[in-house]
Amino acid sequence: MPKLKILLLTLISSLILLSSLFFGQNTINPFDLRGAEKDILFSIRLPRVIVAFLMGSALGVSGAVLQGMLRNPLADPYILGISSGAALAAAFGLVTGSYLFGQLSIPFSAFFGASVVSVLVGAFGWKKGRLLPERLLLAGVGLSFLFYALLMLLISMSSYEGVRRTMLWIFGDLSLADWSLIPYGLVFIIAGMYISVCRSKALNALMLGDDLAHSLGFSAHRERLLFFISVALMTSASVSLGGTIGFIGLLVPHIVRFIIGADNRIVIPVCAVSGGAFLCGADLIGRSIAPPMEIPSGIITAVIGSPYFLYLLRKRDVLGT
Amino acid sequence: MSSEHNQTILELAGTGFRYSGNKPLIKDLTFSVGNGEFIGLLGANGSGKSTILKLAGGILKPSDGHINLWGKQLGSYSNKDRAKLLCYLPQLLDMNIPFKVGELVSMGLYPYDIPPEISVDDALALVGLLDKSGSYLANLSGGERRRAFIAMTLLQGAGLLLLDEPLANLDIKYQLEIHRLLKDLKDTKNISVIMALHDINMALQFKKVMLIKEGKILGIGEPENVLKRELLKEAFDVDIEVRKQNGGGTWLSYGESS
């Protein structure tokens, strides 16, 4: 049966992807492309859909990996504080209007902020030559508070326009998406996913506990470090592409496990596809409800996703049957 | 020592262990495990049973002395190669593992690039869980969950099983069931087992027991010779005596009541 479910999920995901290409403020007929519509499709819609898909995939996979490696169902890519660093750095750019690298300056500063925090969290979580899960989580939470406080300080001192743009970015602003962003995001996200997919057996073993993972022939410390690097790459790239979109990293992995089980060799690829499609769908809704105004995707993902998650939670025992 | 066909699998010589800067937990430990041997490791809480098993499993590195597996230093094996030779099951098995029984058991194949001839269903049949393959671990009873993990180690095919209190918190029925299962496996597959225990009654079922106190061996050998009043008093700080009934059964008598 899992094969059928995976096929169905892939099918639904593809449908969402296609819809988000051709629907929106203007409906585009793919069989009758004319000048303006072709322009909209190739220079606005397509890059936007690709960016949304990349971000969603990266968040879905990061969440699945983190929940496994930390053995904590509440872990998500943002709990490590990576998003807070990205948000602070991006907000600094948005508020001060200092565009050092031209058009790419917000993504670059967000990526810079995310990388700095990743290294800091890793350093605080490191003791006796290994990453300790509890330390990693607490370090992430602690650093988040610090960076969000600095972010609030920055916001409280800035102009109305700066505040508005920063808030939009924090909830996920895909309107910035264009082709120039995609190669950078793609490289880091593919690298991170490659590590996670290759080590998915090790992730299964880590979920049994460090001693059992060792008994099965894995070095728990080495695997956890690799997964941390993988998550840091994916999350940093994702937030730098279009802001800190919540919900996907926390709940998509849970929903995927509800449907297809916990084996990470399947969970990781399915999270990549469904996380990506989910964000594309949320973006489609966000830009279709009240055009030309766009509702940030982060709000849509939470508004749609949370009730569905709660429904699943009630319907099933988390652990099956 | 009645070890006529014995081939040494695991050998600890002068092994000691301490966490850096702390008092030693294990001191000058010397013993060996022969092929097909079944050893009960008995001691009070905190006597160092778990530490000994973790040292033998390569999870902890000895601070002094050395540990050899098949004549080669344990630390020199790669993780995968070691996993094919020995297997460690911790005392506490997480209840919240989200896998199905079949999924868990199949993880026993992870150390292998080319899977051995035994299949997941074979391993499940050996522990009597074939019909539970599709059930979630969380929905099994304590005894069944323990057997599922044992099935995983069987699939892993290691010749030496290090089991930390595999019978703890189980009903007597399951205790006997798992004990019998392991003995059968020893006979059919010639595996060796070191099993930590703190139940003296259970230790009487073993051919060889090792009594531990404060990280040192108080006695090693057949239970009749090791589980004596003086040694038990020293190990558990209680006056206990193992008595034989006329029918052949054994029972424990406690000092307070005699």
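Visitor: Which residues touch the most other members of the largest nonpolar core?

Guide: They are B:Val105, B:Ala151 and B:Leu162. That core holds 161 residues. Keep in mind that this is a predicted model.

Visitor: What makes this set of residues a nonpolar core?

Guide: Its members must be buried, of a listed nonpolar type, and joined through C-beta atoms within 7 Å. The set of 161 residues is the largest such core. Its largest share, 14 residues, comes from helix α2 (residues 35–69) of chain A.

Visitor: Which residues does B:Val105 touch?

Guide: Leave out residues up to four places away in sequence, and B:Val105 touches B:Val120, B:Ala123, B:Leu124, B:Ala148, B:Ala151, B:Met152 and B:Leu155. In general, nonpolar side chains tend to be buried together in soluble globular proteins.

Visitor: What is the secondary structure of chain A?

Guide: Chain A has 13 helices and two strands.

Visitor: How many of the residues of chain A count as buried?

Guide: The share is 50% of the 321 residues. To count as buried, a residue needs 20 or more other C-beta atoms within 10 Å of its own.

Visitor: Why are α12(A) and α13(A) called roughly perpendicular?

Guide: Look at the angle. The axes of α12 (residues 264–288) and α13 (residues 297–315) of chain A cross at roughly 110 degrees. Angles of 65 to 115 degrees count as roughly perpendicular. The two helices are therefore roughly perpendicular to each other. Their axes come within 8 Å.

Visitor: Which residues make that contact?

Guide: From α12(A) come A:Phe278, A:Leu279, A:Ala282, A:Asp283, A:Ile285 and A:Gly286. From α13(A) come A:Ser297, A:Ile300, A:Thr301 and A:Ile304. By class, the contact has six nonpolar, three polar and one charged residues.

Visitor: How do you know that chains A and B are in contact?

Guide: Residues are in contact if their C-beta atoms lie within 7 Å. By that test, 21 residues of chain A are in contact with 21 residues of chain B. On the chain A side, α8 (200–206) and α9 (210–215) each give two or more residues. The largest share, four residues, comes from α9(A). By class, this side has eight nonpolar, nine polar and four charged residues.

Key. Residues numbered from 1 in each chain as written. Chains lettered and ligands numbered in written order. Predicted model: local features only at pLDDT ≥ 70, side-chain atom pairs only at ≥ 80, totals over all residues. Contact = placed C-beta atoms within 7 Å. Nonpolar A, V, L, I, M, F, W, Y, C, P; charged D, E, K, R; others polar. Buried ≥ 20, exposed ≤ 12 C-beta atoms within 10 Å, placed from the backbone. Axes fitted to C-alpha atoms, helices over the stretch in contact; angles between N-to-C directions. Parallel < 35°, antiparallel > 145°, perpendicular 65-115°, else oblique.
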